[in-house]
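Colleague: I am new to this structure and would like a short tour. May I put some questions to you as we look at the model?
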Amino acid sequence: MNIMEDLSVRSQLLSAASTRSAADWLSAAHHCQLQQTTPASHHCLQSCSNHQEMAGIYIILLLGCLGTCMGTGVAHGTENEGEGESKSPIVNYTGQHFVTEKQGFYIQCNLTLFNQLKWTHDGKPILTGEGGYSIEEATSPQGFKGSRLSVENAHMYHAGEYKCTTFSQRSHTIYVLSADLFSSDLIHWITPGHLFKLSCNMTNDDSTNFTLDWFRDDEKLESNDHIKIITANSSLIINDPTKDDSGIYRCQTRAGIPKDNPLVKNFTVIYFTIRKMTKSIVVTDQEELSLECPVDGKPFPKIVWRKDSVSLLEMKANDSRINFATNENEVPNAKLIISKVDPNDRGNYTCNVTTPFGSYEVFTYVRVKDIYAALWPFLGILVEVLLLGIIIFIFEKRRAKAEFEESDTDQGNDQKNTDHHKDSVRQRK
């Protein structure tokens, strides 16, 4: 059967359906549509009036004819496949699925000629000029009429399901991505003993939530006693993070949208701790000085040592006594070693630490004491004892001399008194 014979058969069936003109049935169907009932399926036709039933039969037969006559036009439409295009014999869409906040997007609809053009967003009619929408005619393949819906500045409320006709279940979904998806501040710092949370806020529209998978260093994560993955708000929670929880985290949409690559959002999670150094330290001349920067991190932070604002790395080029080593946490260059210190090594030593979060510094003051420093107090005490002994000796010697002289004087006085008494006795006789 050729095309003309097929059309003749379909016309006879249409005439048998009713003696009224096609225009009358279409007018009645349009009236039914205004009453918010869509004659797009047999189920809906049963809920309409008899007018709508006959109009529905007319439209179905007409679309069948178009499917036969316009086969070339439909094929042409499938060849113009755009990014994320979905196809139907009645309608096909072209345009992107993913758009970032404040960026523009468009959807082109190629609809068969005898279908009504009516743009809707999540089932609600779209009017030009409202909500930032713009609708205009567009170039389309032969046998189709084209319409282009565009938005210059996308907002979260633009996310959802779009249709350009009510006669097809096909639709085009727009995902509006949160602006922080592409922000540069995606570095997070975990602290032992504190709850840690990552949120993958790609869109806040319930109708366009993604099914996400979480990865750490390319290893897929699953919920367990240590890590909780909450699907409802696309978040990951670690109750008591450790150093091993650091790494590159990734939340990724599962594949399912034609010709759109999975969406990926990366997070750099670092572990970092730092403590103060001792306020000052004393080292003996010609002994070894060892200073350790109390820092730990994963990935390892960058360490630079300075003495009185001068880089010790530069000084090391001319001083073989200076060396660097890892500290107890295996952080490179976190330990400073100076062999055979001398008085010139006295000063303020600073450990500068650089991380993806910023820079930090801890410091200590180094004092260098003489090798005989411990002897000087002893010698001082010895001198004091000697001086005290000499003073006591001289004092005691003088006191003994004074007592001796006083004793001689007393004896002379006693002898004179005795002689005087004897003279007195003689005179009495």
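Colleague: Which residues does the UniProt annotation "transmembrane region" cover?
Modeller: According to the unreviewed UniProt entry, that annotation covers residues 374-395. Please keep in mind that the model we are viewing is predicted.

Colleague: How much helix and how much strand does the chain have over residues 374-395?
Modeller: That stretch is 95% helix and 0% strand. The C-alpha atoms at its ends are 33 Å apart.

Colleague: Let us turn to the strands. What is the order of the open sheet of five strands?
Modeller: The order is β18-β26-β25-β21-β22, and the pairing is mixed. The edge strands are β18 (280-284) and β22 (310-311), each of which pairs on one side only.

Colleague: Do β18 and β26 run parallel or antiparallel, and how many bridges join them?
Modeller: They run parallel, joined by five bridges. As an example, Ile 281 has Val 366 in β26 as its bridge partner.

Colleague: And how many bridges join β25 to β26?
Modeller: Nine bridges join β25 to β26, which spans residues 358-369, and the two strands run antiparallel. They form a hairpin with two residues between them. Within this pairing, Cys 351 stands opposite Val 362 in β26.

Colleague: What joins β25 to β21?
Modeller: Six bridges do, and β21 (residues 302-307) runs antiparallel to β25. Val 304, for instance, has Asn 352 in β25 as its bridge partner.

Colleague: How many residues of β25 are buried?
Modeller: Seven of its nine residues are buried, so that strand counts as mostly covered under the cut-off of 20% relative accessible area.

Colleague: Could we take one residue there? Where does Thr 350 lie?
Modeller: Thr 350 lies in β25, which covers residues 347-355. Leaving aside neighbours within four places in sequence, Thr 350 is in contact with Val 304, Trp 305, Arg 306, Glu 361, Val 362 and Phe 363.

Colleague: Why is Thr 350 called buried?
Modeller: Thr 350 is called buried because its relative accessible area is 13%, and the term applies under 20%.

Colleague: A change of topic: how many salt bridges does the count come to?
Modeller: The count comes to nine salt bridges. One of them joins Arg 216 and Asp 245, with the closest N and O atoms 3.6 Å apart. This pair links distant parts of the chain, 29 residues apart: Arg 216 is in strand β12 (residues 212-216), while Asp 245 is in the loop between β15 and β16. The C-alpha atoms of Asp 245 and Arg 216 are separated by 8.6 Å.

Colleague: Are Arg 216 and Asp 245 buried or exposed?
Modeller: Both Arg 216 and Asp 245 are buried, and Asp 245 has a relative accessible area of 3%.

Colleague: With which side chain does Asp 245 make a polar contact?
Modeller: The side chain of Asp 245 makes a polar contact with the side chain of His 226, at 2.8 Å. Among the other residues that Asp 245 touches are Ile 190, Ile 238, Asp 240 and Val 269.

Colleague: Which residue forms a salt bridge with Asp 308?
Modeller: Lys 307 does, and the closest N and O atoms are 3.3 Å apart. Asp 308 is partly exposed, with a relative accessible area of 42%, whereas Lys 307 is buried at 12%.

Colleague: Which residues are linked in a network of salt bridges?
Modeller: Asp 213, Lys 220 and Glu 222 are linked in such a network.

Methods
Residues numbered from 1 in each chain as written. Predicted model: local features only at pLDDT ≥ 70, side-chain atom pairs only at ≥ 80, totals over all residues. Heavy atoms only, no water. Helix = DSSP H or I, 4+ residues; strand = E, 2+ residues; numbered from the N terminus. Buried < 20%, exposed > 50% of the residue type's maximum accessible area, 1.4 Å probe, protein only. Contact = heavy atoms within 4.5 Å. Polar contact = N/O pair within 3.5 Å; in protein donor to acceptor, adjacent residues only side chain to side chain. Pairing = 2+ DSSP bridges. UniProt positions renumbered as here; feature names shortened; annotations may be inferred. Salt bridge = Lys/Arg side-chain N within 4 Å of Asp/Glu carboxyl O.
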